[in-house]
Amino acid sequence: MRCFVNQVLAEGDDIIHFQYIKKDNREKGPVFVGIEVKRSHDVEAIKACMGAEGFDFEYLNGQPDFLALLV
């Protein structure tokens, strides 16, 4: 989690939701993270940083049915 916050998020980005998907694997397991950004184009920078840092991710905006299952 610390690497994610320090290396991926920029100043002004806020984590608004955080949920472990598998409670028994918190060190390397999947999580659901909601991030609020100041400008919509900041999302692309976050996605690029996540890829550069080796984080696998799926962008869920635009998938309201799947998103509704998690929230």
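View 1. Apart from neighbours within four places in sequence, Gln7 is in contact (heavy atoms within 4.5 Å) with Cys49 and Glu53. Cys49 is 42 residues from Gln7 in sequence, yet their C-alpha atoms are 7.3 Å apart. This is a predicted model: local features need pLDDT of at least 70, side-chain atom pairs count only at pLDDT 80 or more, and totals for chains, interfaces and linings use all residues. Residues are numbered from 1 along each chain as its sequence is written, and side-chain values use heavy atoms, leaving out hydrogens and water.

View 2. Ring centres of Phe, Tyr and Trp (its six-membered ring) must lie within 6.5 Å to pair; planes under 30 degrees apart are stacked, over 60 edge-to-face, and the rest tilted. Two aromatic pairs turn up by this rule. Because Phe4 lies in helix α1 and Phe55 in the loop between α2 (42–52) and α3 (64–70), the pair ties together parts 51 residues apart in sequence. Phe4 is buried at 8% relative accessibility, while Phe55 is partly exposed at 29%.

**View 3. Phe18 and Tyr20 also pair edge-to-face.** Their ring centres are 5.1 Å apart and their planes at 90 degrees. Phe18 is partly exposed at 30%, as is Tyr20 at 22%.

Technical notes: Helix = DSSP H or I, 4+ residues; strand = E, 2+ residues; numbered from the N terminus. Buried < 20%, exposed > 50% of the residue type's maximum accessible area, 1.4 Å probe, protein only.
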